[in-house]
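Take a look at the sequence and the model first, and then read on.

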Amino acid sequence: MTTAGVRISEAGMEDISCVLAFLALMAVVPLGLLTVLLSGLLIYLLVEFGAEALKRIGVLPSVGRIILVLVIASAFISLITIGVIALVSRLTQGPEGLGTLLRTMADALDGLHGHIPPWVDNLLPFSFEDWRDVFAEWLREHAAQLSLVGRDAGMFLTHLIVGMVIGGLIACGSKVKAQSHPLAKALKNRAAFLLRAFHRIVFSQIRISALNTVMTAIFLLGIMPAVGTPLPMSQTLVAVTFIVGLLPIVGNLISNTVITLVALSVSPTAAVGALAFLVFIHKLEYFVNARIVGGRIHAHAWEILIAMVVMEAVFGIPGLIAAPVYYACLKDELSARGLV
């Protein structure tokens, strides 16, 4: 009777932990804590893997974790500092700076005058100075919205750092004595499923990001010059594509618009070709994403696509980002219980 009671108790704890984990994960997105969760998981994963590697050369795991947290923190601060300096230098100086890019875009639009319907032509400014005035007026009218963007960027960075700190503290903290705490043991199992799912999704996203960047670079630096229509500032365009590509969905729209306008400064044919290629690549990216991620979690591409569509409909862009990780975790849980 006692043994049966223990079995029932453990099964009940597993069920309770599943409910708690589900509620917590569903609350993370609407509360705006997805960045905290993902950055914390990433740091924990890096520290655990690094500690295992250091253990092979004789470093105690507890010492190795502390060393790795300090190294990762220093590297993060250094990368942020160097990256900001390099980005500002790249985008504000030289013949391929941001100012030159904006002027090229303005010249491309100015070249449309006389080739478009009069009612559209009358709506477009006629010079770079006119575009600058329009942009300045737009900034004045949308100052409040832009301040929110700055606030959101600051909040994102804060959440990123907080998540890294939490992940580092958990990685360096004492391990839970599962035998003394049945619910803690069950929750630890849920965390292990989430961490394993995140691990597989992260490596999948690295492959997807690398593929997208490489294909865009091949188009800008290889295909366009090969067909006799090289685009100006191609290296800057690749850098802009990589930077804005960190923003889901919106980043693709921004990069497509910038590249198409620069291509328009060369010729309308180049602009149409660039737009068609970029739309094809970024639409294909959804299916490649689903295919790569599905292969890592043993799921069909359509399963991932459905999860992404549903989460995006419920939670917006954050839901779209969380969907692969959440679905991978759910798939693991169901597989462990023999339900799928």
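What pattern does the chain follow when read along the sequence? The pattern is α-α-α-α-α-α-α-α-α-α-α-α-α, made up of 13 helices and zero strands. This is a predicted model, in which local features need pLDDT of at least 70 and side-chain atom pairs count only at pLDDT 80 or more, while totals for chains, interfaces and linings use all residues. Residues are numbered from 1 along each chain as its sequence is written, and side-chain values use heavy atoms, with hydrogens and water left out.

**The chain as a whole**

- Helices (H or I, at least four residues) and strands (E, at least two) are DSSP runs, numbered from the N terminus.
- Of the 340 residues in the chain, 33% are buried; buried means under 20% relative accessible area, exposed means over 50%, and partly exposed is in between, with a 1.4 Å probe and protein chains only.
- The accessible surface of the chain is about 19,900 Å², and carbon and sulfur atoms account for 73% of it; areas come from the Shrake-Rupley method with a 1.4 Å probe, and for residues only the protein chains shown count as cover.
- Take the contacts between residues at least 6 apart in sequence: 66% of them join residues at least 24 apart, where contact means heavy atoms within 4.5 Å.

**An aromatic pair**

- The count of aromatic pairs comes to one; rings of Phe, Tyr and Trp (its six-membered ring) pair if their centres lie within 6.5 Å, and planes under 30 degrees apart count as stacked, over 60 as edge-to-face and the rest as tilted.
- Phe-219 and Phe-277 form this stacked pair, at 4.2 Å centre to centre with 10° between the planes.
- The two partners come from distant parts of the chain, 58 residues apart: Phe-219 sits in helix 8 (residues 182-226) and Phe-277 in helix 11 (residues 268-297).
- Phe-219 has a relative accessible area of 3%, so this residue is buried.

**The second largest pocket**

- The second largest pocket has a volume of about 1,200 Å³.
- Of its 37 lining residues, Leu-187, Arg-190, Ala-191, Ala-192 and Leu-194 are the closest to the centre of the pocket.
- On a 1 Å grid over the protein atoms alone, a pocket is an open set of points with protein on both sides within 12 Å along at least five of seven lines, a cavity is a set where a 1.4 Å probe fits but cannot get out, and lining residues have an atom within 4 Å of a point.
- Grid points are joined across faces, edges and corners, and a volume is the space filled by probe spheres set on the points.
- Helix 1 gives the most to this lining, with eight residues.
- Among the helices that each supply at least two lining residues are helix 2 (34-55), helix 7 (143-172) and helix 12 (301-315).

**Residues to find on screen**

- Leu-194 is in helix 8 and is buried, with a relative accessible area of 11%.
- Beyond residues up to four places away in sequence, Leu-194 touches Leu-25, Leu-37, Leu-41, Val-325 and Cys-329.
- Leu-194 and Glu-333 are 139 residues apart in sequence, yet 9.3 Å apart in space, C-alpha to C-alpha.
- Ile-43 belongs to helix 2 and counts as buried at 6% relative accessibility.
- Leaving out residues up to four places away in sequence, Ile-43 touches Ile-72, Met-164, Gly-167 and Gly-168.
- Arg-65, in helix 3 (residues 61-92), is buried at a relative accessible area of 12%.
- The side chains of Arg-65 and Glu-48 are joined by a polar contact of 3.0 Å; such a contact is a pair of N or O atoms within 3.5 Å, where within protein one must be able to donate a hydrogen and the other to accept it, and residues adjacent in sequence count only if both atoms are side-chain atoms.
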